[in-house]
Amino acid sequence: MNAIVAALAGILFALGLALSGMTQPKAVIGFLDFFGDWNPSLAFVMVGAIGAYALGRRLVLRRAAPLFDTVFHPPASAPIFTTRLIAGSAIFGIGWGLVGYCPGPSLVAFGSGAPAAFVFVGALVVGTFIERVPAIIERRAARAVAVADG
Amino acid sequence: MTNIANPLLGGLLIGASATLLLLSHGRIAGISGIIAGAFREPLAGRAFRLWFLAGLIGTGVVLGLVRPDAVGAPDLALAGVGVAGLLVGFGTRLANGCTSGHGVCGNARLSPRSLVATLTFIATGAATVLVVRLAGGAA
């Protein structure tokens, strides 16, 4: 049941992306083409999604706990604006603007068999791991120090 | 006149999906985080991610078969697609979120961080599209 509901959420997400047209890179790039042939669709997708989730979230969070877990997992809290946040978003935006894929739609396209999506998702996973390298190195160094200290 | 019904309805579905994930597992429907966490956490903690991704990808499989026109391909050489993928993978983890995590979920709860993130990635996205267009389109 736990698994089925999680899968259902994924299915709904994909259907939402497809219905909204966000699985068409042209539509995404069209939204970002402010100075050219502007396609406002993505704005309406955001309005619908944010509106629905704002309401849904409020209702759900009245509960003490989720259905299949003991606690809610809020987003990691952080100092308001960090270099990581802004630099990361800027970098993400460049990749997004180049190809019109962000993580969600790229996975739907991956499933549909688009060769470009295979390349994109593979590279995305590599990029995800690269971001972790400093933290991994730091953790290994700390462990080495702990061992050395006996 | 652009069709706004489909984008709005599609958006409602996305919001409903995120609500469902929050209700069932108490988790944020931020796809970049779900992907990253699918590799990281111990299996017991990450099963929901694997199932969610299976639903997402599986629906793509079905769409590819019954509605191939619903899923488009980018207009860019594969080398460029690879670079874009690296930037998106790296950047979303650095920012700890993407269009679903920050754009939808974060903004829905009026998170200032998410608003800043969203405005930033839209800005650089738009700048990128402009530069590519001025450079005569990507080969």
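Contact here means heavy atoms within 4.5 Å. The legends below all describe a predicted model.

**View 1. Chain A meets chain B.** The contact draws 99 residues from chain A and 92 residues from chain B. The area buried between the two chains is about 8700 Å². Carbon and sulfur atoms give 78% of that area. Three residues stand out on the chain A side: A:Phe13, A:Tyr53 and A:Phe92. They supply 9% of the area that chain A buries against chain B, more than any other three residues.

**View 2. Polar links join chain A and chain B.** Between these chains, 17 residue pairs are in polar contact, counting pairs with both residues at pLDDT 80 or more. The rule finds one salt bridge across the interface. In a salt bridge, the side chain of B:Arg133 meets that of A:Asp33, at 3.1 Å from N to O.

**View 3. Helices form the side of chain A that touches chain B.** Six helices of chain A each give two or more residues to this side: helix 1 (2-20), helix 2 (25-32), helix 3 (41-60), helix 4, helix 5 (103-112) and helix 6. Helix 1 of chain A gives the most, with 18 residues. By class, the residues of this side are 69 nonpolar, 23 polar and seven charged.

**View 4. The largest pocket has residues of both chains in its lining.** Its volume is about 1000 Å³. The lining holds 40 residues. Closest to the pocket centre are A:Pro75, A:Ala76, B:Gly33, B:Arg93 and B:Asn96. From chain A, helix 4 (83-99) and helix 6 (115-148) each give two or more residues to the lining. From chain B, the helices that do so are helix 2 (31-40), helix 3 (43-66), helix 4 (78-95), helix 5 (99-108) and helix 6 (112-134). Helix 2 of chain B gives the most, with six residues. The lining of this pocket has 16 nonpolar, 14 polar and ten charged residues.

**View 5. The structure holds one cavity of 30 Å³ or more.** About 190 Å³ of space lies in the largest cavity. It is lined by 17 residues. Nearest its centre lie A:Leu17, A:Met22, A:Cys102, B:Ile14 and B:Thr99. Helix 1, helix 3 and helix 5 of chain A each supply at least two lining residues, and so does helix 5 of chain B. The cavity lining has 14 nonpolar residues, three polar residues and no charged residues.

How values were computed. Residues are numbered from 1 along each chain as its sequence is written. Chains are lettered from A and ligands numbered from 1 in the order in which they are written. This is a predicted model: local features need pLDDT of at least 70, side-chain atom pairs count only at pLDDT 80 or more; totals for chains, interfaces and linings use all residues. Side-chain values use heavy atoms; hydrogens and water are left out. On a 1 Å grid over the protein atoms alone, a cavity is a set of points where a 1.4 Å probe fits but cannot get out, and a pocket is an open set with protein on both sides within 12 Å along at least five of seven lines; lining residues have an atom within 4 Å of a point. Grid points are joined across faces, edges and corners, and a volume is the space filled by probe spheres set on the points. Helices (H or I, at least four residues) and strands (E, at least two) are DSSP runs, numbered from the N terminus. Ala, Val, Leu, Ile, Met, Phe, Trp, Tyr, Cys and Pro count as nonpolar, Asp, Glu, Lys and Arg as charged, and the others, Gly among them, as polar. Buried area is the accessible area (1.4 Å probe) that two parts lose on being put together, summed over both. A salt bridge is a side-chain nitrogen of Lys or Arg within 4 Å of a carboxyl oxygen of Asp or Glu. A polar contact is a pair of N or O atoms within 3.5 Å; within protein, one must be able to donate a hydrogen and the other to accept it, and residues adjacent in sequence count only if both atoms are side-chain atoms.
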